[in-house]
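Please examine the structure shown below.

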Amino acid sequence: MSSAYDLHTHSTASDGTLSPRALVRRAVAVGVQVLALTDHDTTEGIAEAAAEAKDTGLTLIPGIELSVTWNAQVVHIVGLGIDPENPELQNGLRALREFRAWRAEEIGRRLEKAGISGAFEGARERSNGELISRTHFARFLFDAGHAPDTRKVFKRFLTQGKPGHVAGCWADLSDAVAWIIAAGGQAVIAHPARYRMTRTKLRRLIGEFVEVGGNVLEVVSGSHSKDENFTMARHAREFDLLGSIGSDYHGPESQWIDVGRISPLPDGVAPVWQNWPTAA
Ligand code: AMP
Ligand code: MN
Ligand code: MN
Ligand code: MN
């Protein structure tokens, strides 16, 4: 049984493998009623997804997943219900993509030095040509036989201390939240259990997030264990945050994750959609 809500998904506009149109079709097919497209640092896929959703009964929530550097660590902030045309948001996105483009070249140079040639080209070919993610490098490195699966590719090449790692210089937490709010959206801390923070550190992140105007925690994520969903539900209740749920779907290649295949929001957490006109 699919969840009626899936508020975190990717398309080929960033590092997903389904076009926005195909993503919406799949969501409709599995019974998702409210879908947010939340590509990394771009709103390019939203128009196509919204056009496809029209007349299907599925409500498409325009979203974003912003890359943020907080305390020398990368944290993702999802925005739900944003106006993709908002100039403040778009200015922020432009700066993020500029860094991303430079970083892709830098990853390529570093891998070259480590004896792996053609990585930048390989990643670019696997992207839409406009937004290059580490995921595209991972797909190239996997195809070239450098590791048995993409998980291991990340571990061996693309994370801290590894040859293809470039330290991030993404958005400030306060700026990211401000852009989302300026664009009329709700800011969400994405997959909070993925950061492997201590409880104290995570609570500090949530505290600062609330201080700058954020009020939603992605309690249920396709990248969380069941146990982690419940831990995050407790944090949401303690901080009086709304709860969001999302698969973080990137395409049919992953066996474990599908659109709409997510647990319900645990009891006692108010859903982020409680005041939306799209109740499903
Ligand atoms: P980027 O924003 O370009 O640094 O890429 C981050 C993306 O890489 C995430 O959104 C995930 O889709 C993917 N990713 C990060 N870590 C892993 C991992 N260990 N295994 C598979 N994919 C990963
Ligand atoms: Mn991704
Ligand atoms: Mn993420
Ligand atoms: Mn994501």
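**Metal site and aromatic pairs**

H250 is partly exposed, its relative accessible area being 23%; here buried means under 20% relative accessible area, exposed over 50%, and partly exposed in between, computed with a 1.4 Å probe on protein chains only. This is a predicted model, in which local features need pLDDT of at least 70 and side-chain atom pairs count only at pLDDT 80 or more, whereas totals for chains, interfaces and linings use all residues. Residues are numbered from 1 along each chain as its sequence is written, chains are lettered from A and ligands numbered from 1 in the order in which they are written, and side-chain values use heavy atoms, with hydrogens and water left out.

Donors are N, O and S atoms within 2.8 Å of the metal (3.2 Å for Na, K and Ca), and sites may look incomplete because water is not among the atoms. Helices (H or I, at least four residues) and strands (E, at least two) are DSSP runs, numbered from the N terminus. H40 counts as buried, at 7% relative accessibility. A further manganese ion (ligand 3) lies 5.5 Å from the manganese ion (ligand 2).

The aromatic side chains come next. Three aromatic pairs are present in the structure; rings of Phe, Tyr and Trp (its six-membered ring) pair if their centres lie within 6.5 Å, and planes under 30 degrees apart count as stacked, over 60 as edge-to-face and the rest as tilted. Y5 and W273 form a stacked pair, because their ring centres are 3.9 Å apart and their planes are at 10°. This pair links distant parts of the chain, with Y5 in strand β1 (residues 5–9) and W273 in the segment after β7, 268 residues apart. Y5 is buried at a relative accessible area of 5%, and W273 also counts as buried, at 16%.

F99 and W102 form a tilted pair, since their ring centres lie 5.9 Å apart with the planes at 35°. Both residues lie in helix α3 (residues 87–113), three residues apart, or about one turn of the helix. F99 is buried, with 14% relative accessible area, while W102 is partly exposed at 41%. Ring pairs join F99, W102 and W170 into a cluster.
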